[in-house]
Amino acid sequence: NIKTFQSLELKEKYVFNKVLFLLFLIYFCTPKISFISIGNFDIRLLDFVSILIAMVVFTELRVPRNLFILFSSAFIIQLSIGFYFSGIMTFLFIFRLIQYLLLGYGFFLLMTSKYRSSFLIFFLFIQFIICLFQYLLIIPNYDPGRGILYSQEFSGSFGTPAEFSYFLISLVSIFMGLKF
């Protein structure tokens with residue numbers, strides 16, 4: 001019975017990490033195209049992907065009581081201040097904050113799994129293809145702030161070359177921290 005339980009647990013972990021791997025590839029390799037703009041807040045395709053990632057992450061999320069109280073307090077303070085200055089839009093901004101926190105935790109789970117090297121290889125290959133096509137002016141850069149831009153400046157699936165560079169630097173530091 002113990003071996004069966006351990007085998008089942010390993011299979012569940014395998015599926016969990018594989019789903020995270022695929023969702024994060026979609027998330028980081030899809031341009032930030034907006035569907036709807038509400039004030040200064042854009043709803044994007046990536047928001048729906050991040051909701052799927054959050055649902056997967058929630059199955060593994062274990063928050064200690066003290067940390068939960070700290071996050072709840074910060075959330076209530078942020079909500080109060082935001083509601084005072086931004087009104088009802090605060091809920092959308094709080095949603096985005098929670099979304100990024102869950103994405104960060106999910107990315108941490110992926111980077112501590114055996115899929116980290118596969119993620120790096122697939123991510124870099126996809127970004128290389130996108131950058132090459134942007135450089136050859138086959139596909140445009142898409143930045144939510146600047147719109148569609150055809151130039152030999154390449155940014156992969158990120159809005160600007162700077163955002164792409166920041167993400168690559170973050171990946172290098174993550175992989176160095178993991179002694180990869």
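Start with the lining of the largest pocket: by class it has 15 nonpolar, two polar and one charged residues. Here Ala, Val, Leu, Ile, Met, Phe, Trp, Tyr, Cys and Pro count as nonpolar, Asp, Glu, Lys and Arg as charged, and the others, Gly among them, as polar. The model is predicted, so local features need pLDDT of at least 70 and side-chain atom pairs count only at pLDDT 80 or more, while totals for chains, interfaces and linings use all residues. Residues are numbered from 1 along each chain as its sequence is written, and side-chain values use heavy atoms, with hydrogens and water left out.

Select Val63, Phe71, Ile98, Leu101 and Leu102, which of the 18 lining residues lie nearest the centre of the largest pocket. A pocket is an open set of points on a 1 Å grid over the protein atoms alone, where a 1.4 Å probe fits, with protein on both sides within 12 Å along at least five of seven lines; lining residues have an atom within 4 Å of a point. The volume of the largest pocket is about 510 Å³, taken as the space filled by probe spheres set on the points, with grid points joined across faces, edges and corners.

Next, colour α3 (65-86) and α4 (90-111), each of which supplies at least two residues of this lining. Helices (H or I, at least four residues) and strands (E, at least two) are DSSP runs, numbered from the N terminus. α3 gives the largest share of the lining, seven residues.

Stay on α3. Its 22 residues should span 32 Å at 1.5 Å a residue, and the end C-alpha atoms are 30 Å apart, which agrees; the expected span is 1.5 Å times one less than the number of residues. Glycine 87 follows α3 and has a positive phi, near 70°.

Now select Tyr27, Phe28, Tyr100, Leu103 and Gly104, which lie nearest the centre of the second largest pocket, among its 13 lining residues. This pocket has a volume of about 250 Å³. α1 (2-28) and α4 each supply at least two residues of its lining, and the largest share, four residues, comes from α4. The lining divides into eight nonpolar, three polar and two charged residues.

Then show helix α2 (residues 45-58) with α4: they pack at an angle of about 55°, with their axes 9 Å apart. Axes are lines fitted to C-alpha atoms, for helices over the stretch in contact, and angles run from 0 to 180 degrees between N-to-C directions. That makes α2 oblique to α4 (under 35 degrees is roughly parallel, over 145 roughly antiparallel, 65 to 115 roughly perpendicular and the rest oblique).

Finally, zoom out: the protein chain has six helices and four strands.
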